[in-house]
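Visitor: I have a model open and would like to talk through its packing. Could you take me around?

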Amino acid sequence: MTPQYLGNKDLLDRRLTAFLASRTVQTARVLACYDWATSLSAETDCVVSGFQSTVERDVLHFLLKKRIPIVVVLARSMYKHIPEEFREAYHDGRLLFISLSQAIRTSQAAAKARNHYVAELASTVVFGMLTEESSLYEIYLQLSGKTGKQVKIVQPKGCQGDKVTSPSC
C-alpha cells in the first residue's frame, strides 16, 4: 500500500528519532521514558512513532506539551477528522500523519508493519522497554547491525549501557 499523508510533509526532511515501547513496561522505565521525552528540544528534535502503547501515548503528551514536532504513523486508515489532542500541532505545522493501511482497525500484523516502517524512517531508534520476548525485539536485532542507524534503549538511573532489559534493570 502506498502511504497516505496528512499534515506537514516537510517534517520527513528532518532528522527523525523513532520511539517504540512495549505494552508492558517496568515503573522505573516509564519514568526514564518521561525523562527522555522532556529532554528533547523543539528546535532540534522530531519524533516518529505509532503512539499506541500506554507509554508511547504518555510520551506523546509530553511531546505535544513541549511543542516537539511529531510524525504519527497509523496502522489503520487515515483520520477523517483531526483528533482534538493533535489540532494545535497540526495547525502549527508540527505534525504529520502517515497512514499505511485502509483498515478501520489496527491488526497485529499492521502494527508490526507500522513499527518496522517507523524504525526505517528514523536515523535514531529509541526503545522505551525491550525484552527478548517483546515483538519489538525483532526490530532491535535487525537494526543493531545496521551502520548509520543509532539504536538506544532508555535506561533508568543506575542502569548502564544500551542492553536488552533484564529483570533487575
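Predicted model: local features only at pLDDT ≥ 70, side-chain atom pairs only at ≥ 80, totals over all residues.

Visitor: Is Tyr-137 buried or exposed? What about Tyr-140?

Guide: Tyr-137 counts as buried, with 17% relative accessibility, and Tyr-140 is buried as well, with a relative accessible area of 14%.

Visitor: How many aromatic pairs turn up in the whole structure?

Guide: A search of the whole structure finds six. One of the pairs is formed by Tyr-79 and Phe-97, in an edge-to-face arrangement with 5.1 Å from centre to centre and 80 degrees between the planes.

Visitor: Which parts of the chain does that pair tie together?

Guide: Tyr-79 belongs to the loop between strand E4 (70-74) and helix H3 (87-91), while Phe-97 sits in strand E5 (residues 95-99), so the pair ties together parts that are 18 residues apart in sequence. Phe-97 is buried, its relative accessible area being 0%, and ring pairs also link Tyr-79, Phe-86 and Phe-97 into a cluster.

Visitor: Switching to helices: at what angle do the axes of H1 and H2 cross?

Guide: The axes of helix H1 (residues 27-38) and helix H2 (residues 54-66) cross at roughly 25 degrees and come within 9 Å. That angle makes H1 roughly parallel to H2, and H1 passes H2 in a right-handed crossing.

Visitor: Which residues meet there?

Guide: From H1 there are Val-30, Cys-33, Tyr-34, Trp-36, Ala-37 and Thr-38, and these meet Val-55, Asp-58, Val-59, Phe-62, Leu-63 and Lys-66 in H2. The residues of this contact of H1 with H2 divide into nine nonpolar, one polar and two charged.

Visitor: Now Asn-115, is that side buried or exposed?

Guide: Asn-115, which lies in helix H4 (residues 108-121), is buried, with a relative accessible area of 11%. Not counting residues up to four places away in sequence, Asn-115 touches Leu-20, Leu-136 and Ile-139.

Visitor: Last topic, backbone angles. What is the phi of Phe-51?

Guide: Phe-51 has a positive phi of about 50 degrees although it is not a glycine. Phe-51 lies in the loop between strand E3 (47-49) and H2, and at 0% relative accessibility Phe-51 counts as buried.

Visitor: And where does Arg-67 lie?

Guide: Arg-67 is found in the loop between H2 and E4, and its phi is near 65 degrees, again a positive value in a residue other than glycine. At 37% relative accessibility, Arg-67 counts as partly exposed.

How values were computed. Residues numbered from 1 in each chain as written. Heavy atoms only, no water. Axes fitted to C-alpha atoms, helices over the stretch in contact; angles between N-to-C directions. Helix = DSSP H or I, 4+ residues; strand = E, 2+ residues; numbered from the N terminus. Parallel < 35°, antiparallel > 145°, perpendicular 65-115°, else oblique. Left-handed = near helix turned anticlockwise from the far one by under 90°. Contact = heavy atoms within 4.5 Å. Nonpolar A, V, L, I, M, F, W, Y, C, P; charged D, E, K, R; others polar. Phe/Tyr/Trp six-rings, centres within 6.5 Å; stacked < 30°, edge-to-face > 60°. Buried < 20%, exposed > 50% of the residue type's maximum accessible area, 1.4 Å probe, protein only.
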